[in-house]
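Welcome! Please open your viewer and keep the selection tool handy, as we are about to take a short walk through a structure.

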Amino acid sequence: MKRFKTLLTAFVIGFSILSFAQAGKDDSQTSKENTDKKGYQVGDRATDFELKNIDGKMVSLKNFTDAKGFIVVFTCNHCPYAKSYEERIVELDKTYKQYGYPVIAINPNDPKVQPQDGFKEMITRAKEKGFTFPYLVDEGQKIYPQYGATKTPHVFVLQKEGDKNVVKYIGAIDNNYENAAEATEHYVKDAVDALIKGEPIKTTKTVAIGCTIKVKK
Amino acid sequence: MLLLNLRMKNFLGLLVLLFGLSLYKGQVQNNLTLVNYEELEMKIQNNKDELLVVNFWSTTCAPCVKELPDFMIVNEKFKNNPKFKMLLVSLDRAKDKEKVIQFIKKKNLTTEVILLDDIKRMNTWIPRFDKNWEGNIPVTILYKNGEKVHFNDGEMSKEELENTINKNL
């Protein structure tokens, strides 16, 4: 009987631990994200900005007097989707800068929420990956909502028309984040090629899985 | 003594039952099925007479990982309702399958988890789930009898999820 009782006690203790562990109480509230997702549509005029580059200088689109347009990429350090596109972004800049379509990369994330996306970390990452383009901080997170970027990476191809920058393409770089060699659709390349040739862009908007932009809490 | 014994037996029986239940409750899958978009769509549409909560997530997505414990708590509340089901759709890479299985065990994910292995056609299937979905995760969609009744863009708190389920159940 005594052994039975010991067994029973063990049972009761074991059971309570198990059910306690499974309750896994976590009442932490997740702050509701900004639901205003309007942003730009293709054909809209994109705003210029003045944002800090990793070299400490301020960068605006209007500084690029020779540019015919821009490949604006909202990207960051930490996101696996963004990381897997880094080399392709460098390649885009190398290919299209000479045609007047440089890459302008903007990190939209709040470094307090995502410390890997801090300014120092951006400098390091850009060096490591050999970024050939400005890598700007969206300080105060004012620019990305205007563009309507919802994730990283998120590309906006702009075309200069007079003193305006008009949005011509919104979306993904290609259709295979995992493996560049296996991509069968090259959305950004095709869009910029069409702009250079003065032809209409076949696919003007695409969607792809990416990392949510980390908003200041 | 006899009476005590009988009570003891009943109590023990109850304990065994509860213990068994708690084991069942903690049951997680040991494998992970990879599906393409069409297979997932069919799986969703085949859930007749049910409210199906589908959560799109990835082990690499911090806000997704953060909300999963709340989803498990809500699932515990509703799982005995035969008209309720929760399905987690992992968007991890197919080659990270083992990592996802380990994650399921570690985080004790007691709902069904499948991996949507269709990355080349994101631009096709993302808008089919919802025209407003830009591809950011997490995203949670509720289906009733195979028809979409709610699309939640972004994280969902326990209360929001529970209220949305109650509203549609």
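What follows is a tour of a few stops, with something to select at each one.

Start with the whole view. This is a predicted model, and its scores are ipTM 0.80 and pTM 0.82.

Now colour by confidence and select chain A. Its average pLDDT is 88, with 83% of the residues scoring at least 70. Then pick residues 16-36 of chain A, where the pLDDT is below 50; the model still gives this stretch 21 contacts beyond near neighbours in sequence. Where pLDDT is low, the predicted coordinates should not be read in detail.

Next, stay in chain A and select A:Tyr144, which sits in helix 4 (residues 143-147) of chain A. Is A:Tyr144 buried or exposed? It is buried, because 21 other C-beta atoms lie within 10 Å and the cut-off for that label is 20 or more. Show what surrounds A:Tyr144: beyond four places in sequence, its contacts include A:Phe74, A:Ile106, A:Pro108 and A:Ile213.

Move on to chain B, with a mean pLDDT of 90. Among its elements, strand 2 (residues 51-57) of chain B has the highest mean pLDDT, 98, while helix 1 (residues 2-25) of chain B has the lowest, 58.

Last stop: a hairpin. Select strand 6 (residues 139-144) and strand 7 (residues 147-153) of chain B, an antiparallel pair joined over six bridges. Find B:Ile141 and look across to its bridge partner, B:Phe151. Two residues lie between the strands, and in this hairpin B:Asn145 takes a positive phi near 50°.

Methods. Residues numbered from 1 in each chain as written. Chains lettered and ligands numbered in written order. Predicted model: local features only at pLDDT ≥ 70, side-chain atom pairs only at ≥ 80, totals over all residues. pLDDT = per-residue confidence, 0-100. Contact = placed C-beta atoms within 7 Å. Pairing = 2+ DSSP bridges. Helix = DSSP H or I, 4+ residues; strand = E, 2+ residues; numbered from the N terminus. Buried ≥ 20, exposed ≤ 12 C-beta atoms within 10 Å, placed from the backbone.
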